[in-house]
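Dear colleague,

Please find the structure below, with the sequence. My notes on the side-chain contacts and the backbone follow it.

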Amino acid sequence: MSGGYCQECGTELIDKYLENEGIIPFCPKCGQYRFPMYNVAVSMIVIDRKTGRILLIRQYGRPSFILVAGYVNRTEPLEDAVVREIREETGMTVSEIRFNRTRFFEPSNTLMCNFTAFVDDASELHTNEEIDSCGWFTGDEARKSIKQGSLASYFLNAYLDEAR
């Protein structure tokens, strides 16, 4: 299970039982359990409060639409990361944030935390170099346009299903 190395000394980790936790990677040299580490990111269903439309973006030359997302900086509260990422990528100011749900994304070893973020002034939209294109969609249009089978579609569909 371990297959990793201690982040302190570089010794290969072994599997060891820890009461109330189960099998945890353990460094025999340091004598310490090394709980698995992973990345944390936020993804946002950005909604124009005036129209109720949802912002979807395309990035990195890919043809599919996804949600605005980004990694959380060390020590940064999730809510601050939501505001920062939307500001950096779209130029828009967030007026309200609501937490939706989380899901672990194995391919990038990331815990993705999804929020709904409302903007009061969609005219502020000015994307940075990370975004190839974007558009505002109704809920039904967004459901059809987002990359099917993606984590973004999971979050969007769950949000839309709950909103009904």
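Is E85 buried or exposed? E85 is buried, because its relative accessible area is 6%. Here, buried means under 20% relative accessible area, exposed means over 50%, and partly exposed lies in between (1.4 Å probe, protein chains only).

Before the remaining findings, a note on the basis of the values. This is a predicted model, in which local features need pLDDT of at least 70 and side-chain atom pairs count only at pLDDT 80 or more, while totals for chains, interfaces and linings use all residues. Residues are numbered from 1 along each chain as its sequence is written, and side-chain values use heavy atoms, with hydrogens and water left out.

Salt bridges

The structure contains nine salt bridges, a salt bridge being a side-chain nitrogen of Lys or Arg within 4 Å of a carboxyl oxygen of Asp or Glu. In one of them, E85 meets the side chain of R84, at 2.9 Å from N to O. R84 also counts as buried, because its relative accessibility is 19%. A salt bridge also joins R84 to E88, with the closest N and O atoms 3.4 Å apart. R84 and E88 both belong to helix α1 (residues 78-90) and are four residues apart, about one turn of the helix. Helices (H or I, at least four residues) and strands (E, at least two) are DSSP runs, numbered from the N terminus. E88 is partly exposed, at 38% relative accessibility.

Another salt bridge is formed by R143 and D161, whose closest N and O atoms are 3.0 Å apart. This pair links distant parts of the chain: R143 lies in helix α2 (residues 139-145) and D161 in helix α3 (residues 151-163), 18 residues apart. D161 is partly exposed, with a relative accessible area of 47%.

Aromatic rings

Five aromatic pairs were found in a search of the whole structure. Rings of Phe, Tyr and Trp (its six-membered ring) pair if their centres lie within 6.5 Å; planes under 30 degrees apart count as stacked, over 60 as edge-to-face and the rest as tilted. One of these pairs is F26 with Y33, which is edge-to-face at 4.9 Å centre to centre and 65° between the planes. F26 is buried, at 10% relative accessible area, whereas Y33 is partly exposed, at 21%. F65 and F137 also form an edge-to-face pair, with 5.1 Å centre to centre and 70° between the planes. The latter pair joins distant parts of the chain, 72 residues apart: F65 is in the loop between β5 (54-59) and β6 (68-71), and F137 is in strand β9 (residues 131-137). F65 and F137 are both buried.

Charges over rings

A charge sits over a ring if NZ of Lys or CZ of Arg is within 6 Å of the ring centre and within 35 degrees of the ring normal. K16 lies over the face of F26, 4.1 Å from the ring centre. The charged end of R103 sits over the ring of Y154, at 3.7 Å from its centre.

Backbone

Most residues other than glycine have a negative phi. T75, in the loop between β6 and α1, has a positive phi near 75°. T75 is exposed, with a relative accessible area of 72%. N109 has a positive phi near 55° and is found in the loop between β7 (94-105) and β8 (110-119). N109 is partly exposed, at 32% relative accessible area.

Yours sincerely
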